[in-house]
Structure formats: C-alpha cells, structure tokens
Amino acid sequence: MSVRLLLGATLLASISCSSQESCDQTPGGDGPYPTYDYCSEAAYPDFTHPRKRWDGTYPERCAGLTGEDAWACTEQLYWEVFQFDHDGRADAYRQLVPVVEAVEAAGDLDDRTLARLNLRVAQLGIAAIAESGETDLPVGQMQTLLERAHELDPDEIFIEAWLSTLLINGAIVLGQDLEPHIDHMWEMYERDPAITTPTLMAVLVGFPMETGMPDVAAEMVDRFDPEEACGDVCDWEFFRAEFGGAGMFFSSAEVYARVGNAEGARAQLELARAADHYDEWPLKSVVEDALADIDSFLAPFAARGDDEYVTDLLVTGTDAACMVCHAPLPE
Ligand code: HEC
C-alpha cells in the first residue's frame with residue numbers, strides 16, 4: 001500500500017468506524033450490502049424511501065468533493081438520475097467522471113468503496129447508452145472505469161460480470177476467439193449464479209445466434225434454480241430494485257423466446273406474474289400480452305437470421321434494460 005493510501009485509510013478510520021463489525025448501522029437498511037455495512041459520517045440516501053434519493057446535503061453534481069463525501073454524493077446522484085430523472089443521466093455521467101479522478105488523485109477512499117465509485121459512474125454511462133439512447137457517450141471510458149473497479153476489488157463478482165459484458169462485446173465486434181470468454185462466464189456462474197445469470201443473460205441473448213452466446217444464456221437459465229442460487233440475498237428486500245424478481249423472470253422469458261423455447265418462456269412469464277409488486281410493475285401489460293399470445297412473443301426472434309443481433313427486439317435490451325428491475329415503486 002502506498003504512503004498516500006495509508007494516510008487516506010488512517011484519515012478515514014478517524015471519521016468512520018474502525019471496523020465493520022463495530023457498527024450496526026446499515027445505511028441501505030437492507031442487510032449486509034457491500035459498502036453500506038459500515039458506519040460513516042457521510043450522508044447516504046435513504047434507500048428505504050421508495051421515491052426520493054437526493055437529500056440536498058451535497059453541492060450540485062458533487063463538485064469539489066473527495067473521499068467519503070464524494071462517494072455518498074455520487075451514490076445519491078446515481079440513484080436519483082438512474083431511477084427517477086433519466087434525462088439527467090448523460091450530464092451526470094460527464095460531471096461524475098472528474099469527481100472519480102479527483103478522488104483517485106486525493107487517495108482518500110478505501111479500495112472497496114473506490115471500486116464502487118468507479119462502478120457507479122460506469123453503470124450510469126451504460127444505463128444512459130442502453131436505455132436513454134445516448135450513443136455519443138464514450139464506451140471505452142466506461143470499460144476503463146470498470147477495469148479500475150475490478151483491479152481495486154477483484155473478488156467482487158458483480159463488477160467482474162459487468163466488465164465481462166463489455167469485453168465479450170468487444171471480442172465479438174473484433175471477431176476474436178470467444179472460447180476464453182465462455183470459459184470465464186461458466187467459471188463466474190459456478191462461483192455465483194445469482195449475480196452472474198441476471199447480469200449476463202440479457203446481454204448475451206442479444207448477440208447473433210452464430211456467436212453461440214444466446215445458447216450460453218439459455219443454458220444458464222436452464223440450470224438456474226432461484227431458491228438454490230440466491231444464497232446471501234434470499235432474504236433481502238431489494239430497495240434499489242423492487243422489481244428484481246419480476247424482471248429476472250421476464251428477462252429469462254425473453255432468453256427462451258429468443259432460442260424458440262415457447263414452453264420455457266411461458267413458465268418464466270408465469271413466474272414473473274407471481275413475483276413481488278407485479279401489479280405495480282410497469283411491464284405488467286407486456287407479460288399479459290405475451291401470455292395471451294405466446295407465438296407472437298417468439299415470432300420476431302425467429303424471423304432474424306443466424307448472423308443478426310436482436311438487441312433491438314428485446315425489452316431487456318432497449319428502453320427497460322435496467323428499469324425492468326430497477327424502476328421505482330409508483331407514488
Ligand atoms: C434482472 C434484474 C436486473 C437488471 C436487468 C438490472 N439490475 Fe441492477 N440490480 C438488480 C438487483 C436485484 C440489485 C440489488 C439491489 C438492492 O440490493 O437493492 C441490483 C443492483 C445494482 C447496482 C448496485 C450494485 C452494487 O453492489 O453496488 C447497480 C449500480 C445496478 N444494479 C445497475 C444496473 C444497471 C445500470 C442496469 C442496466 C444496464 C441494471 N442494473 C440492470 C437487478 C437488476
């Protein structure tokens with residue numbers, strides 16, 4: 001550890017708890033969630049509040065902040081624009097990149113939180129591109145942020161899985177050998193199916209059939225047992241993804257629709273229907289329509305050739321790539 005980082009860590013220890021165990025405060029309110037499971041003086045948003053995440057504690061766009069305040073401010077801004085103010089995503093992304101740079105330069109945030117900071121900003125860019133159609137944002141910069149996050153917190157599979165979606169995309173575009181990527185995906189799946197499957201499947205299933213990726217996604221869904229796979233997160237309420245269950249099953253239904261498995265798709269749609277908050281879910285009518293006419297749900301995919309992308313046909317590949325799970329609860 002460099003002297004600068006050591007100094008930063010000492011400083012941090014003096015303003016927050018010296019160990020995670022010594023603090024029973026859980027700012028997320030939702031169990032042992034990474035980076036919220038320790039005490040902090042910085043003001044985090046109240047994730048138990050279904051509608052508002054910005055509490056006005058911090059300067060606009062987090063300008064001039066470093067250390068834990070930069071993280072807490074980014075966290076508030078992230079969830080505000082990610083879930084509520086979609087038009088603000090691209091600007092927030094551009095304004096948060098220098099905040100990350102300032103925190104990196106100051107060296108006053110622990111590695112795990114700094115990894116999350118890099119992840120947040122990358123994810124905001126990905127959401128803006130995928131859902132808000134902001135195609136002029138720099139994907140290469142998002143990959144660099146995710147690589148930095150992975151370097152800082154190599155054991156965090158959530159970061160590793162998101163990074164791999166960008167790397168696989170790059171490998172397909174460049175016509176590179178996909179075998180090493182497939183091996184890596186299954187290795188992540190073995191370690192943590194509950195994070196790996198939902199993170200990868202909607203991306204994989206959009207690639208051309210001939211890449212083999214849609215079949216990998218379908219095999220992940222075949223093997224996935226929600227009861228068995230959920231592990232630590234079985235009992236959580238996902239305050240930041242209240243429609244996580246419905247979204248997960250609907251995304252699985254799109255995977256099966258893509259590979260022509262009508263019965264598999266129907267079963268997943270029924271599971272979505274039985275998931276928490278289904279009646280308040282913005283995609284309820286999409287599921288109802290698909291169940292009423294499953295052939296029409298599958299047909300657009302079958303019409304595409306082996307070498308064509310279908311990302312544009314997927315609800316989970318376009319307007320609701322993230323909001324399928326992360327939409328806020330209605331007023
Ligand atoms: C299949 C459902 C699903 C989809 C699709 C999804 N997420 Fe999530 N995401 C979740 C769940 C569940 C959590 C955990 C939330 C919680 O603990 O409240 C989560 C957590 C997160 C977190 C916090 C991670 C952490 O550990 O710090 C970020 C950031 C995030 N998602 C971004 C995105 C973005 C960006 C997209 C779209 C490109 C997306 N998600 C798509 C289900 C999903």
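Modeller: Happy to! A crossing is called left-handed if the near helix is turned anticlockwise from the far one by less than a right angle, and right-handed if clockwise. By that rule, helix 5 makes a left-handed crossing with helix 6; helices (H or I, at least four residues) are DSSP runs numbered from the N terminus. Residue numbers start from 1 along each chain as its sequence is written. Please keep in mind that this is a predicted model, where local features need pLDDT of at least 70 and side-chain atom pairs count only at pLDDT 80 or more, while totals for chains, interfaces and linings use all residues.

Helix 5 (residues 139–152) and helix 6 (residues 157–173) have axes 9 Å apart and an angle of about 150° (axes are lines fitted to C-alpha atoms over the stretch in contact, with angles from 0 to 180 degrees between N-to-C directions). They are therefore roughly antiparallel (over 145 degrees; under 35 is roughly parallel, 65 to 115 roughly perpendicular and the rest oblique). Helix 5 brings Met142, Gln143, Leu146, Glu147, Ala149 and His150 to meet Ile159, Glu160, Trp162, Leu163 and Leu166 of helix 6 (contact means C-beta atoms, placed from the backbone, within 7 Å). This contact counts 7 nonpolar, 2 polar and 2 charged residues (nonpolar: Ala, Val, Leu, Ile, Met, Phe, Trp, Tyr, Cys and Pro; charged: Asp, Glu, Lys and Arg; polar: the others, Gly among them).

Now to the ligand. It has 27 residues around it, the closest being Arg240, Ala241, Gly244, Cys322 and Cys325 (near means a C-beta atom, placed from the backbone, within 6 Å). By class, the shell holds 17 nonpolar, 6 polar and 4 charged residues. Why does the ligand lie between two domains? Domain 1 (1–155) and domain 2 (200–331) both give residues to the shell, so it lies between them; these bounds come from an automatic or database domain assignment.

Helix 4 (111–130), helix 8 (193–204), helix 11 (244–258) and helix 15 (323–326) each give at least two shell residues, and helix 4 gives the most, 6. What packs against helix 4? Helix 2 (residues 67–84) does, at about 25° with axes 10 Å apart, and the two are therefore roughly parallel. Their crossing is left-handed. Residues of helix 2 in this contact include Trp71 and Tyr78, and those of helix 4 include Leu117 and Arg120.

Helix 8, for its part, meets helix 7 (residues 179–191), with axes within 6 Å and crossing at roughly 135°. Here Met185, Met188 and Tyr189 of helix 7 touch Pro193, Thr196, Thr197 and Leu200 of helix 8.

Definitions and conventions: Two residues are in contact if their C-beta atoms, placed from the backbone, lie within 7 Å.
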